[in-house]
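Please keep the structure in view while reading.

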Amino acid sequence: MSGEQPADAPVVEFRGCDIGYERRAVVRGLDLSIASGEVLGILGANGSGKTTTIRGLLGLTPILAGEVRLFGTPRGQFHDWARIGYVPQRHTVAGGIPSTVGEVVASGRLTRLRPWRRSTAEDRTAVADAIAVVGLAGQERTTMTALSGGQQRRVLIARALATRPDLLVLDEPTAGVDRANQEALAVALGALVDQGTTIVLITHELGPVEPLITRAVVLRDGVVVHDGPPLQDEHHHHHDDDWHHTHGDEPVRRPDLGLLG
Amino acid sequence: MTILHYEFMQRALLASVLIGLSAPSVGVYLVQRRLSLIGDGLGHVALAGVAVGVLTSTSPIWAALVAAVAGAVAIELIRSRGRTSGDVALAVLFYGGIAGGVVLISQAPGGTPSNLNAYLFGAITTTTPSDLVVFAVLSAIVLLVTHGLGRYLFAVSNDEEYATASGLPVLPLNLLLAVMTAVTVVVSMRVVGLLLISALMIVPIATAQLIAGSFRATVAIGTVIGVAVSVAGVTTSYYQDTPSGGTIVLFAIALFVLAAAIAGVRDHRRQRAAQPV
């Protein structure tokens with residue numbers, strides 16, 4: 001870690017950011033500062049720019065204007081990628097080559113390793129710990145395709161945890177995941193929050209992770225329309241029995257997400 | 001074993017072991033990335049290099065290596081830009097390679113069609129002692145890279161976007177894999193042949209993934225199959241007077257069909273066992 005970073009710098013800072021492709025900005029004029037220890041929920045309808053925002057943070061989508069800082073360092077000069085864990089929205093099990101839970105999670109540890117070197121006992125412990133945090137202890141040798149969709153999602157979270165990151169970014173971790181797996185996920189995230197991990201998570205349904213969220217940002221058409229405490233008004237709670245899930249990709253959307261409506 | 005009395009057979013068998021080891025080691029990453037046909041395309045491009053080597057009376061192996069590596073880098077750069085026109089660009093490159101190769105070889109003094117067949121489909125009599133040295137060095141490089149940096153190649157092949165977000169050097173790793181594919185194509189050119197090498201990269205891995213439960217086991221089983229079918233193919237080629245490359249690939253496909261049948265029966269039984277009585 002370079003000594004340049006002020007200790008109290010925000011974990012993530014967007015300053016006047018336009019984010020998008022080929023000069024077409026999907027997210028416009030984003031000013032957002034995320035402090036250490038926050039659990040930020042990014043909410044909004046499909047196409048509102050939630051995924052584009054975190055892809056901009058991670059360097060997967062170009063920043064067309066403005067600046068992104070990670071741990072106080074401009075993103076172009078940031079190289080300490082092991083401090084950031086990323087859980088993509090969906091995982092296409094590429095090519096069908098069998099891989100085990102342990103192999104996939106270990107691939108998240110690479111940014112802490114040196115090329116050509118063998119992994120150390122510490123690396124193996126970090127991988128085993130990450131698997132245990134998501135509640136899959138003892139499944140290291142299980143083939144990925146033998147797991148349910150929700151369990152596979154938890155493996156991807158373990159992969160992101162293998163570097164013991166300070167910032168965890170999750171894209172729709174609960175979409176298409178059954179209730180039991182959502183609860184296992186909420187327990188895992190709660191443990192990380194207790195350790196002081198900063199979390200940014202995209203969702204358009206809250207479910208069991210809702211109590212963890214300390215701050216909500218709502219996007220509409222690429223612009224922030226709400227930034228503040230989570231929308232915990234009374235008229236949500238009587239819908240708690242309505243958390244059904246389709247088995248496809250589209251989660252059931254709550255009809256009354258306040259500002260989204 | 002009478003066949004070991006002939007020095008050309010000793011060389012052919014050694015060359016078959018080398019290619020049997022290296023082809024699946026590269027192929028596993030190609031299968032994982034759904035780039036199974038890249039090796040085939042590079043074989044086409046390598047033929048143009050062979051032709052240049054024959055015409056200029058230099059070693060066809062070195063010219064083929066230059067052509068295949070240049071082709072591999074071009075392919076990876078086109079692919080990384082992700083344009084739809086890239087598909088057409090690859091086709092032009094591949095067919096340009098094989099068309100140029102055929103035309104150039106026809107101009108060579110004493111360039112006969114049977115000569116061309118040996119490059120395309122493999123022959124057991126063509127491996128020279130100096131070829132064998134080059135193959136050994138190239139195979140060693142391929143095995144060192146694919147196993148030494150295997151974790152990185154796995155990460156990039158398994159989930160390229162995640163690898164990018166983790167700050168891994170994705171383009172250099174992709175270029176490295178493409179170059180290793182090109183090198184493997186060149187190692188294949190005596191006993192397997194430029195048009196059949198892709199099968200030896202892909203089919204042993206496709207067979208192994210039917211049986212294996214992990215990536216590591218897929219690589220191990222695929223490599224054992226690669227060596228076994230290569231040696232069996234070269235040996236059969238000696239006794240039956242068949243082109244060695246075609247014989248090797250038919251053995252590989254026979255094992256694939258057998259493994260698919262076994263896996264089919266196994267899955268059927270598992271399904272029945274899982275059903276409540």
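**Sheets, helices and interface**

Arg69(A) stands opposite Pro74(A) in strand E5 of chain A. This is a predicted model, in which local features need pLDDT of at least 70 and side-chain atom pairs count only at pLDDT 80 or more, while totals for chains, interfaces and linings use all residues. Residues are numbered from 1 along each chain as its sequence is written, and chains are lettered from A and ligands numbered from 1 in the order in which they are written.

Strand E5(A) is joined by two bridges to strand E4 (residues 63-70) of chain A, and the two run antiparallel. Helices (H or I, at least four residues) and strands (E, at least two) are DSSP runs, numbered from the N terminus. Both strands belong to an open, antiparallel sheet of four strands in the order E2-E1-E4-E5 (chain A), where two strands pair if DSSP finds at least two bridges between them. Its edges are E2 (24-34) and E5 (73-74) of chain A, each pairing on one side only. Helix H1 (residues 50-58) of chain A packs on this sheet and touches E1 (12-21), E2 and E4 of chain A; contact requires C-beta atoms, placed from the backbone, within 7 Å. The direction of H1(A) makes about 110 degrees with that of E1(A). Axes are lines fitted to C-alpha atoms, for helices over the stretch in contact, and angles run from 0 to 180 degrees between N-to-C directions.

A further open sheet in chain A has six strands in the order E6-E7-E8-E3-E9-E10, with mixed pairing. Its edge strands are E6 (84-87) and E10 (223-228) of chain A. Five bridges join E9 (residues 215-220) of chain A to E10(A) in an antiparallel arrangement, and Leu219(A) has Val224(A) as its bridge partner in E10(A). Helix H4 (residues 149-161) of chain A packs on the sheet, touching E6 and E7 (167-171) of chain A, at about 165 degrees to the direction of E6(A).

In chain B, helices H10 (residues 197-211) and H12 (residues 244-274) pack at an angle of about 20 degrees, with axes 9 Å apart. H10(B) and H12(B) are therefore roughly parallel to each other (angles under 35 degrees).

Finally, the contact between the chains takes 27 residues from chain B and 23 residues from chain A. On the side of chain B that touches chain A, H7(B) provides the largest share, six residues.

Notes: Two residues are in contact if their C-beta atoms, placed from the backbone, lie within 7 Å. Angles under 35 degrees count as roughly parallel, over 145 as roughly antiparallel, 65 to 115 as roughly perpendicular and the rest as oblique.
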